[in-house]
Amino acid sequence: MIEVQDLTKHYGPVTAIRDVSFSVAPGEVVGFLGPNGAGKSTTMRILSCFMPASSGSARVAGFDVFRQSMEVRRRIGYLPENVPLYADMRVAPYLDFVAEVKGVGRSERRRRVAEVMERCLISDVQNRLIGKLSKGYRQRVGLAQAIVNDPDVLILDEPTIGLDPRQITEIRSLIKSLAGEHTVILSTHILPEVSMVCGGVIIINKGSVVAQGPIATLVEQFFPTARVQVEIAGPAPAVRDGVRRLPGVVAVQELGVQDGRGTFLVESARDRDVRGDIFQLAAQQKWELRELRRVGMTLEEVFIRIVAGEETEAPAPAGEEARA
Amino acid sequence: MKVWPIFKKEMRLYFTSPVAYVVLFIFLLVMGYFFSQIFYYYSLASMQSMMNPGMARELNVTESVMRPLFTNIAIILLLSLMPLVTMRLFAEERQTGTIELLLTYPVRDGAVLVGKYLAALALYALLLALTLVYPGMLAFFATPEWGPILTGYLGLFLMGAAFLAVGLLASSLTTNQIVAAVVTFGILLLFWVIGWSAENVGGTMGRVLAHLSILDHFDSFSKGVLDTKDIVYYVNFTVVALFLTLRSLESRRWKG
């Protein structure tokens, strides 16, 4: 649905993005991640036909964003980062205007506008001035204008920025409900959001794509081991050595020792569940097993490893500070 | 072309914000004052001409009331109010970022431009239409000649159309509304006074300067003379300014 090939954009002497390539399949919800200033908004502005790239090509719904811009624009819904809306217009007339400009027929328009207001939970403010609305409502009006023409592709730039936790949850479930019928590309730097909403991610840093794919694949790629956290009351050095010698265990990290109880992070081959072995070992040695759980790898850790890894060699393990 | 929705949106914005009401109110207030003063002096003059029949031959209600009124409308309305009407059209959208949404909707830059221009023109036409109350009052007390009044209005309309186009151009060049208004005012004022130096310069250059003057072309309209040269001047002025505005809008596509 979206194919981007070697996209480069210069602003004068500054290169905002360099040779960015990725593709998004129809119906997919993809998170576009990166630190601030990585080039997310630039890429989205090019995809939405607001400005052209310096070189490279981008196709949305099969049309070139530069040469067939009108065709692309008919098929997208775009929400820019700061949600620019006309403060002096009322919600319903504004959505009616957007629908008309986007080519929704006169007969359909009223029904369509009512539908998106219902869906975005803004029917109750339809006669209010947009400028008087709270940030959460404005965000939803912005989302409503993006989907009012039922576009194939939604381009959402930081749709949850500046909202309170409850509003973030609402917007997220709204975006989730759009998946399937629409192809969505949404940028954010709130990582848990991506794991909750998106199937795949594209990570961009300093203008270049550094990783892309389904979240699970990325986690595997960057963290080849499975991790288990154990808390055992027993002599710490003996426990560490004992666990380390178990088959499949790759590394044991001491997270902290307190009152004779040690907490360890055990890394093992991904296909091997070492929890049973650890339990057996503890039982054998008459160590008291206090806790035994799998530690899931979060996208956050992947992200930090990728983005930080580009600057320094290896990020400090999380346990390091705890020990100090 | 999706001019109509853009036009409607702009009209809505003029009338949901206080802009249109303030402009209409202030303009009518000032014009009412001018009209009453001009009319008062004219009635004094006609009173005096009853004692002095020689003066009566000079009296002409259209010439003495409507013509000065037209000049005042031109100066107040066009020179000082038009920049305020057009300044927000693009500058505000660029400032708030709404232009990013507007220009990613399936609508051509030209349609956005024409829609916005027509909205400003419609507001201006409404202002002009409201001033018809003055010749109306005049007709109640005297018998004005309608010919010169009609050509005067046509002249004002064409001149205003040109002014609005300049305002739109200035608005498309900046994100700051005040800058847009000041630039518009400056350009218009220069074209207003450029004819003054024509006499001193003389020769071909003088004729060129005289031709460029916005004011000189209006003169014949207010006298009741319809000259294609003047009509063409205003239409040219408008078209050139709108063309430059379109180029300025499109510049985002090729600027680095």
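Chain B averages a pLDDT of 87, with 98% of the residues scoring at least 70, and the model scores ipTM 0.83 and pTM 0.83.

Because the model is predicted, local features need pLDDT of at least 70 and side-chain atom pairs count only at pLDDT 80 or more, whereas totals for chains, interfaces and linings use all residues. Residues are numbered from 1 along each chain as its sequence is written, while chains are lettered from A and ligands numbered from 1 in the order in which they are written.

Helices (H or I, at least four residues) and strands (E, at least two) are DSSP runs, numbered from the N terminus, and two strands pair if DSSP finds at least two bridges between them.

| Strand pair | Sense | Bridges | Bridge partners |
|---|---|---|---|
| β1(A) (residues 2–11), β4(A) (residues 55–60) | antiparallel | five | A:Q5 and A:S57 |
| β4(A), β5(A) (residues 63–64) | antiparallel | two | A:V60 and A:F63 |

β4(A) and β5(A) form a hairpin with two residues between them, and A:A61 in the turn has a positive phi of about 55°.

In chain B, helix α9 (residues 146–173) and helix α13 (residues 214–223) pack at an angle of about 155° with their axes 6 Å apart, where axes are lines fitted to C-alpha atoms, for helices over the stretch in contact, and angles run from 0 to 180 degrees between N-to-C directions. α9(B) is therefore roughly antiparallel to α13(B), a term for angles over 145 degrees.

Key:
Parallel < 35°, antiparallel > 145°, perpendicular 65-115°, else oblique. pLDDT = per-residue confidence, 0-100.
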